[in-house]
Amino acid sequence: MKYKYLLLAYLLLGFLEVFLPDRFFNLAVSLRPITVAIIYCFYVGNTKQHNYLLLFYLVCELLNEIFFLIDFTKYFTLVLSCYSIATFTMIYHLWPVLKSSASKADAVDWLRPSLGLLAIFYMFWRLSLMVFDELPNNSIFFVGVLALVCWSVFCFLVPVKNKHPDNFALYFMGGAMAVMAPSMFIYEFIWTFEVILYFSLLSMLLFKIFLVWYLIHFKYILRSQEEYF
């Protein structure tokens, strides 16, 4: 993989983003467009082409993160709208890898991801009950939950249907999103503890790395004609 110095710069600035908001808020916010530009350049440098769906996703997530940090309650509808649009956009972008899946999965293959999804859905359900009365906009909340559920199912379904080894990254992406989204609500509506904010921001930082790495390899995954067991 080329241009590793861009990845290193993204990680260094990204860790500053994670740990600065409570002390140097303006700097933490101003760094975010820079890190988005860096991780996108890392993608372009490795693929030698633009990916406008990825760019659109990154911009939506940038708005999501910035307005979450400014005031999640005040900009609740905007944050959840950006998150939902970004998530459904990325599912659409990655859909060909599921559509082209030809591997047969037995009951054992389905067991572990099914248990993982059940645990995640139970956590979502319990959290929804805890914060529902505090939400500024219940309708957009349900849209956001739907986006999160669809993303989780997609990330756990693809590696079962398509056993290409690079699809394992989807487990990390699904897990990172399952940490990031609920922790935003926990921090805002249940327990304003800095460590929870760090978990949320760090999970998004790592999520973007796995996403871009996966998209760099995406065309090779689609072209692969091998069967993996």
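What pattern does the protein chain follow when read along the sequence? Read that way, the chain follows α-α-α-α-α-α-α-α-α. This is a predicted model, in which local features need pLDDT of at least 70 and side-chain atom pairs count only at pLDDT 80 or more, while totals for chains, interfaces and linings use all residues. Residues are numbered from 1 along each chain as its sequence is written, and side-chain values use heavy atoms, with hydrogens and water left out.

**View 1. The whole chain, with nine helices and zero strands.** Helices (H or I, at least four residues) and strands (E, at least two) are DSSP runs, numbered from the N terminus. The radius of gyration is 18 Å, close to the 17 Å that the globule rule gives for 229 residues, so the chain is as compact as a globular protein of that length. For that comparison, the radius is taken over C-alpha atoms, and the rule is 2.2 Å times the number of residues to the power 0.38. Along the principal axes, the C-alpha atoms fill a box of roughly 50 × 40 × 25 Å. Of the contacts with a separation of 6 or more, 78% join residues 24 or more positions apart; a contact means heavy atoms within 4.5 Å.

View 2. Of the 229 residues, 48% count as buried. Buried means under 20% relative accessible area, exposed over 50%, and partly exposed in between (1.4 Å probe, protein chains only).

**View 3. The largest cavity, holding about 180 Å³ of space.** There are three cavities of 30 Å³ or more. The elements giving two or more residues to the lining of the largest one are helix H4 (76-99), helix H5 (107-131), helix H6 (138-161) and helix H7 (169-190). Its lining has 14 residues, of which Phe141, Val145, Leu148, Ala181 and Phe185 lie nearest the centre. By type, the lining divides into 12 nonpolar, two polar and no charged residues. Here Ala, Val, Leu, Ile, Met, Phe, Trp, Tyr, Cys and Pro count as nonpolar, Asp, Glu, Lys and Arg as charged, and the others, Gly among them, as polar. On a 1 Å grid over the protein atoms alone, a cavity is a set of points where a 1.4 Å probe fits but cannot get out, and lining residues have an atom within 4 Å of a point. Grid points are joined across faces, edges and corners, and a volume is the space filled by probe spheres set on the points.

**View 4. Tyr57 and Thr87, in touch with each other.** Tyr57 belongs to helix H3 (residues 52-71), and Thr87 to helix H4. Tyr57 is buried at 1% relative accessible area, and Thr87 is buried at 1% too. Leaving aside residues up to four places away in sequence, Tyr57 touches Ala86, Thr87, Met90, Met177, Phe207 and Leu211. With that same exclusion, Thr87 touches Tyr57, Ala147 and Trp151.

**View 5. Lys48, in the loop between helix H2 (25-47) and H3.** Buried or exposed, how does Lys48 count? At 55% relative accessibility, Lys48 counts as exposed. Its phi is near 60°, a positive value in a residue other than glycine.

Note on methods. 1 Å grid on protein atoms, 1.4 Å probe; cavity = no way out; pocket = protein on both sides within 12 Å on 5 of 7 lines; lining within 4 Å.
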